Amino acid sequence: MHLAYPAVLAVLLFCVGLYGVLARRNAILVLMSVELMLNAVNLNLVAFDVWLRDALHAGQALTLFTIAIAAAEIGIGLAIVLAVYRNRGTSAVDDLRDTAERPDDGGDGGGRDSEGAAADEPDEPDQPAEGKASQKAEAPA
Amino acid sequence: MTFAATGHGTLAAAAPQGFLSPTGVEIAFVLVGLVTLGAAVVTVTTRQLVHAALWLVVALGGLAVEYLLLTAEFIAWVQVLIYVGSVVVLLLFGLMLTRAPIGRSPDADSGNRPAALAVALAAAAALVWVVVDAFRTQWIDLDKPQGTTEVTGSILFRHWVLPFEALSVLLLAALVGAIVLSRRNAARSEDPGTSRPGPAGAPSDRAGDKEQR
Amino acid sequence: MTTTTLAVLVPLLPFLGAVAGLLLGRTVPGLARPLAVLPALTSLVLAAVVAARQGGDHAVDAATQLTPTGSVPVELALHIDGFAALVAVLVGVVASCVQIYSTAYLRDDPRYPSYAALVSLFTSAMLLVVYSGDLMVLLVGWEIMGICSYFLVGHYWETPEARAASLKAFLVTKLGDVPFLIGLFALAVDADSFRITEILATVADGGLDHPTLVALLLLAGVAGKSAQFPLHTWLPDAMAGPTPVSALIHAATMVAAGVYFIARLLPVFAASAAALVVLAVMAAVTMAGSALAALAQDDIKRVLAYSTIGQLGYMTGALAVGDRGAAVFHLLSHGAFKALLFLAAGVIIHAAGTNSLAAMSRMKDLRARVPDAYWTMTVALLALAAIPPFSGFFSKEAVLGAAEHTATGHAESAPESAGWIVLVAGLVTALLTAAYAARLWLLAFYGRGADAPDHGKQPVAMTAVLWVLAVPSLAFGVTVGVLPDWFDGHKLAPTLTTSVLGTGLALVGALVTYGAWRHTTALAARVPIGAVAAHPDADAGQVEAEAIATHAPAYGDVASAPDPADPGRLLLGPLHRHAAVGFHLDAVYAALFVRPVQAGARLVRFLDREVVDTYVRGAGTAPRWLGAAVRRAQTGNVQTYLSALLAGTVVLAVAAVLVATAGA
């Protein structure tokens, strides 16, 4: 059998998985796509193992390990997804944007840059005031 | 196409093999491969989440068949057992626990889809080009099975026993990790201050149980 | 001890006294007074001994070089001729009197230790200038005097007048010092030495390349230091300092330094006729203008300050006609009677509680309160007005005689025009000097109105000093026959023509003033005026500080008062308004220099704020825009990040493959 067949199949599967990872919104679907990518790698490993007739069968052994690790990964991944879902009420990856720059910063930055510094400064005294207010609000509770 | 005229320097016997004269195994491999690929594509494109999991079963099963065709029978059965048997079940559980909508959900794909398509196509083109360019003349001799259970077992427990044991430790760590993640969240969910009850605590533990196998 | 050792000790002792006073004055207050007075007295004795040993013979020259100083050597050199010996004695006398006087004058001042130490340092610097035979060492003393005058004029630094005056004194004198320094360098380059003897030898050989330029440069520094037109404006304002400081600055140090410097280097100036004419014009303008301004001043100390400027004008006039003997003679006699005038004025201010002549003219019997000041000041004013037989008469006649001598073409070194300029201006000034001296005397001591406030008996330390200084004011003229031996040998005795002319004019001035005073004094009772600082128990320094601080609020100006009873107002007529403010020279300077500088500063500020900062802000804006653009990429969406990452990976991988295949 031509080696190109399993190799090309693995490549295509990998890219399909890649697409899924990048395009899917639901975190569990992203995990599924990851599984596809892992399987593409497994197929490669097996094909090359058979092709090379490796005495130690390193490819097949690694495939087994990969499968086990994939199982562990899917378990941990699902646990994380569930934890996120419980805390945030969603499992959509593009809703989890805590690391984003604040959108108002981004909006201001282009428009009134020269007053940006001056506009930021009055904000700072507000923050402790807010902090105090929230503390006061919490204190009775 | 010059593929047909190739054949120099392969591991197999000197008999030249061509794309235009496929063997039976090759035909079967290509057909199953097409099914697998199609199922994978549907998996990542369908708008019905549960269907995606089911199509994943098809894809993974197809891959198991491919393993068989590549004479790696033990891998094939492990594939069926673990992927089809447990991973997909886990994913289904996950879908249900996150209250994934049954039926078509319009927002299954994120706004990143064009970029994802571009990146995937570019990667596919690049990789296919490279792989075909590199391996178009290579030939796999399937006369002698390479992955019988006996061979795999002996190799695994003779040469690969130490990584195997290390892997077991890793699985244990994953088990503990999954439990810890679920526990802490469960403890927090019991806090009367937070509003959301934790229906997912127990199933999450079960996920860890399944993983233990 | 050799004369040289004694001469070294003369400036050194006050210096050590100043150092010790600064170190110990605060911790051991009891030592402050001895440390101030004793070094001054010792230096006086030593200076007298040096003068006696030198005796007008050949100059004592000694030099030592501490360290090589490059191409033109700087040496610690002494050059003591008759001028130096006598001027040092004068400095010692005045400094000792001032120190003794200050112990009482600033009795309760908490800053007395540092004040006394600065006065000692001032004295030391002046003595250094007097004795130094090396121009660089002279310059050191010269500049130390500048900084000391800054601190001492600003002694009452709580008042804005004193702060402004000290800054003004410092800046104006420094303004003159810059060309002065350049002139010194030019001189040293020509003579290849800073030694005065060698420079004079070079001048005698005609080795000076640019005598006019050098002389004019040096003249700028002298004009700043000796308060000659047009750099004299700091001196009247320096009256914001304590009276003993004024006495010290005006009589013996600082302002005398400039005249003395020219006297030392007169051959350098004499090498350029143009410089002498400039000097003569400067002296003439200074004399006449300052005498007119003195007639219009209300502050008793400002009258004396303008009078100092005028008398310095006489000295520079004498130098302009090439007679340094007459100049230093007048310097000596003027030092004595001007110190006396200032110290007596301090007593009067203390007794009257005001420094305003307008207020004093409304006090009855002020002269009875301060009889010592009355009699000694009368002597000093007569000397100032050059009435025979007081010392001022002889010295001023020496100047006028020298001028006449030159004007009539008998002098070989100075141009005739300089002689005429100095002679005419000197005669006019003699008239005016007598007029303002009479005005001061009449207004201060013959006021009518309420009784003068009784501040008790004046301290002995203050009154005794007055009598000590009254002796030379009265009798210094008798030395007129001896002094030429100490100086260049020119005859200093009065000549008949100038004596008659000068004395006659002085008498006319005094009588006219008396008449005007008789005319206006009736008005005094009708226009009540005056503000008196009543501090019967305070020391004189505090009274004076308050008087200075309240003059502008009480009378509307630091210099003049709107007093119709002032004879000066009648005499000057419409000129009074201009004379009171020093002929608007300050306003001219403000318009010419201060405002352009301030406008320039505003321009620079504008350029900095609006132009330079715009670029800075622009430099900040571009990265901020870039940052805003980059920030848009930070969506927080992990998928976006991953897409970009993988796209980059693909691009890199393709590039790597292409490179590899292209290379293969």
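**Helices and touching chains**

Chain A has 5 helices and 0 strands.

Reader: What makes something a helix or a strand here?

Author: Helices are DSSP runs of H or I with at least four residues, strands are runs of E with at least two, and both are numbered from the N terminus. Read along its sequence, chain A goes α-α-α-α-α. By the way, this is a predicted model, where local features need pLDDT of at least 70 and side-chain atom pairs count only at pLDDT 80 or more, while totals for chains, interfaces and linings use all residues. Residues are numbered from 1 along each chain as its sequence is written, and chains are lettered from A and ligands numbered from 1 in the order in which they are written.

Reader: How do you know that chain A touches chain B?

Author: Two residues are in contact if their C-beta atoms, placed from the backbone, lie within 7 Å. In chain A, 63 residues are in contact with 87 residues of chain B. Helix 1 (4-23), helix 2 (27-52) and helix 3 (58-88) of chain A each give two or more residues to that side. Helix 3 of chain A gives the most, with 21 residues.

Reader: Which classes make up the side of chain A that touches chain B?

Author: That side has 46 nonpolar, 10 polar and 7 charged residues. Ala, Val, Leu, Ile, Met, Phe, Trp, Tyr, Cys and Pro count as nonpolar, Asp, Glu, Lys and Arg as charged, and the others, Gly among them, as polar.

Reader: And how many residues of chain B are in contact with chain C?

Author: There, 9 residues of chain B meet 10 residues of chain C. The chain B side has 7 nonpolar, 2 polar and no charged residues.
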